[in-house]
Amino acid sequence: MGEKDWPGRWSHVQRLLERTGPFAHPDFEPSPEILEFMKETCKLLVIGAGGLGCELLKDLALMGFMDIHVIDMDTIDVSNLNRQFLFRPKDVGKPKAEVAAAFINARVPGCKVTPHFAKIQDFDESFYRGFHIVVCGLDSIVARRWINGMMVSLLTYEDGEVDQSTIVPIVDGGTEGFKGNARVVLPGMTACIECTLDLYPPQVNFPLCTIAHTPRLPEHCIEYVRILLWPKEEPFGAGVPIDGDDPHHITWILEKSQDRANEHGISGVNYRLTQGVVKRIIPAVASTNAVIAAACATEVFKVASSCCQPLNNYMNFNDTEGVYTYTFEAMKRDDCLVCSSQPQSLSFSDSDRLQDIITFLTESLTYQMKSPGVTTCVDGKNRTLYMASVKSIEERTRENLKKTLKELGLRTGQELYVADVTTPISLTFTLTLTTDMDIGTDGQVNAAN
């Protein structure tokens, strides 16, 4: 018993860990050592210290996990206080990760929460390899896809089979108003987040004609600036994408949106709404966060202890009319962009332009990239075709977007390496090119001579 323990402190989990039951995992062997592993050895990473993250930190600490790290890049806003219960009015403006960690450390004896006021992209493979389980409480699909790609990149294979010692399980939770989901991902073994990209709700888009000519809502004004003014005025440099977490970007959009709102007699444009529209934030409900965080924490407990079979592998929750849950097994895709060994291919005509590839990668439901950069290899040398994320490179390669694939010297079988904010690793595509002569009058591709 640790110095800060007291009689009966862990009786609620000892009942589960020191005796077996009908739902126990086949490999489960009841033992007091399991609790000691959770307290002394098991190292967890919680990503996000917002609505879900606060609940997760509280639940995990009270379950006996004593070594927890938390990453969050945001600071506390007044609007967070109604549901992110680890924060107080005096904390407004401070980093969420640091305040949440300090609160748990002070409230739960023996628990050590280490905060990281940073982006997940600020850490490398060695950092993520040091955890037993990663728990996600994110409000960003892009961030989910990135951490999913990172966990898959940690895998090693022997004779075509994944080395299970390199698997770092992901427990992911998400909420959308009165709806939510929890899932368990065993990278390389079960469906990863990229496998089920089509399960995420589609973005709400307003008709462009309304945005440009007849705005009626404050959201219309914000979308006008985001879609039309930003690429036209390029306030932070050519090709610089909007960063929804950069206050300078949001402030610029806010001011322009307020100008347009004033022109059309529309009220309600403020910083919070502007960031919400730009980041596609859906209002959170405290009770939904609590339920989903509890489900995720339970799955972490099961994975760490083997006291019960883990969720297999996706649970939906809905309490819009009563309470409804549904569990199903999301299937691993053989052609998944991230976790499959099957090579990815792109098929275009040699008269198509590089812009057509960029558009396809961003608009396709399969890939849903944000700002892909494309490089290739010619005669053993890397050649950048287009890169939007670096201003100087974007300026040098912008003209390539207008060139045909034939003019760029690309050919069938050539590999294209695509980098994007949705993945920590470069993705490889094999290019297949057809010519106008290859396409028959019926629109089908003819066999090459």
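Modeller: Before we start, contact here means heavy atoms within 4.5 Å. Keep in mind, too, that this is a predicted model.

Colleague: Happy to! Which residues is Leu57 in contact with, leaving aside its neighbours within four places in sequence?

Modeller: Leu57 is among the residues with the most contacts inside the largest nonpolar core, along with Leu60 and Phe65. Setting aside neighbours within four places in sequence, the contacts of Leu57 are Val46, Ile68, Val70, Leu86, Ala100, Ile104 and Val113.

Colleague: How many residues does the second, separate core have?

Modeller: Tyr128, Met151, Ile167 and Ile170 are included in this second core. Its size is 35 residues.

Colleague: Now the cysteines: how many disulfides are there?

Modeller: A disulfide needs two cysteine sulfur atoms within 2.5 Å. Cys42 is buried, at 1% relative accessibility, but its sulfur is too far for a bond because the closest cysteine sulfur, in Cys111, is 12 Å away. Cys307 is buried as well, at 12%, and its sulfur is also too far for a bond, since the closest one, in Cys308, is 5.9 Å away. The count of disulfides is zero.

Colleague: Last one, then: how many residues lining the largest cavity are charged?

Modeller: The largest cavity holds about 40 Å³ of space. Its lining is made of Arg145, Glu194, Leu337, Val338, Thr422, Thr423 and Leu427. These divide into three nonpolar and two polar residues, while the number charged is two.

Conventions:
Residues are numbered from 1 along each chain as its sequence is written. This is a predicted model: local features need pLDDT of at least 70, side-chain atom pairs count only at pLDDT 80 or more; totals for chains, interfaces and linings use all residues. Side-chain values use heavy atoms; hydrogens and water are left out. Buried means under 20% relative accessible area, exposed over 50%, partly exposed in between (1.4 Å probe, protein chains only). A nonpolar core is a set of buried Ala, Val, Leu, Ile, Met, Phe, Trp, Tyr and Cys residues joined through side-chain atoms within 4.5 Å. On a 1 Å grid over the protein atoms alone, a cavity is a set of points where a 1.4 Å probe fits but cannot get out, and a pocket is an open set with protein on both sides within 12 Å along at least five of seven lines; lining residues have an atom within 4 Å of a point. Grid points are joined across faces, edges and corners, and a volume is the space filled by probe spheres set on the points. Ala, Val, Leu, Ile, Met, Phe, Trp, Tyr, Cys and Pro count as nonpolar, Asp, Glu, Lys and Arg as charged, and the others, Gly among them, as polar.
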